[in-house]
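Here is a friendly briefing to read with the model open beside you. Please have the chain displayed so that you can find each residue as it comes up.

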Amino acid sequence: MSTKERLMEDLKTAMREHDVVRRDAIRMARAAIGNAEIALQREVTDEEAIKIIAKEVNLRKEAVEMFRGGGRDDLVANELAGIAVLVAYLPELMSEDDIRTQAAAIIQELGASSMQDLGPVMRTLMSNLSGRAEGRVVNRIVREMLGG
């Protein structure tokens with residue numbers, strides 16, 4: 001079952017069970033996927049749908065930080081609940097050790113030796129990890145490995 005089909009089935013279930021948080025989170029993800037399909041003028045692939053959901057999770061994480069700063073704990077709880085719903089559709093994130101192993105291989109393959117090589121290493125590594133690791137974590141690890 002594709003991610004889009006799974007979202008639709010879970011939306012129907014959430015509506016039947018009157019699960020407002022789950023329903024709203026899934027609707028937002030489906031809307032983001034629909035907007036991407038309109039922009040691309042084609043259906044998104046399963047991999048693209050997962051990337052869109054990951055982007056939605058990151059947007060919600062940013063919103064949580066802003067709401068915390070504004071003292072809106074009620075909205076923080078709502079966003080965190082939405083994040084928990086959407087994370088279920090994402091592949092399991094890699095551990096830092098696995099990321100280090102992948103990064104070491106890419107650094108060796110590209111012959112990177114300094115912070116000037118950060119861009120090419122990050123581009124290659126992020127395309128290999130596609131959705132299985134957060135960019136901030138990968139960036140931090142690569143910077144450590146390149147001596148930055």
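Predicted model: local features only at pLDDT ≥ 70, side-chain atom pairs only at ≥ 80, totals over all residues.

Residues are numbered from 1 along each chain as its sequence is written, and side-chain values use heavy atoms, with hydrogens and water left out.

**Nonpolar cores**

- A nonpolar core here is a set of buried Ala, Val, Leu, Ile, Met, Phe, Trp, Tyr and Cys residues joined through side-chain atoms within 4.5 Å; buried means under 20% relative accessible area, exposed over 50%, and partly exposed in between, using a 1.4 Å probe and protein chains only.
- The largest nonpolar core has 22 residues, and Ile33 and Ile53 touch the most other members.
- Helices H1 (3–16), H2 (20–40), H3 (46–69) and H4 (73–87) each give two or more residues to this core, with H3 giving the most, 7 residues.
- Helices (H or I, at least four residues) and strands (E, at least two) are DSSP runs, numbered from the N terminus.
- Not counting residues up to four places away in sequence, Ile33 touches Lys4, Leu7, Val44, Ala49, Ile52 and Ile53, where contact means heavy atoms within 4.5 Å.
- Apart from this core lies another, of 16 residues, including Met94, Ile106, Ala112 and Val142.

**Helix H7**

- In helix H7 (residues 135–145), the buried residues are Val138, Ile141 and Val142.
- Viewed down the axis of H7, these buried residues fall within an arc of 95°, so they line one face of the helix; the arc is that of the directions from the helix axis to the C-beta atoms.
- Helix H5 (96–110) and helix H6 (118–129) are what the buried residues of H7 pack against.
- Gly147 follows H7 and has a positive phi, near 85°.

- Glu79 belongs to helix H4 and is buried, with a relative accessible area of 17%.
- Leaving aside neighbours within four places in sequence, Glu79 is in contact with Arg60, Ala63, Val64 and Phe67.
- Leu59 sits in helix H3 and is partly exposed, at a relative accessible area of 42%.
- Between the C-alpha atoms of Leu59 and Gln102 there are 26 Å, with the two residues 43 residues apart along the chain.
- Thr101, found in helix H5, counts as exposed at 55% relative accessibility.
- From C-alpha to C-alpha, Thr101 and Gly111 are 15 Å apart in space, and they are 10 residues apart in sequence.
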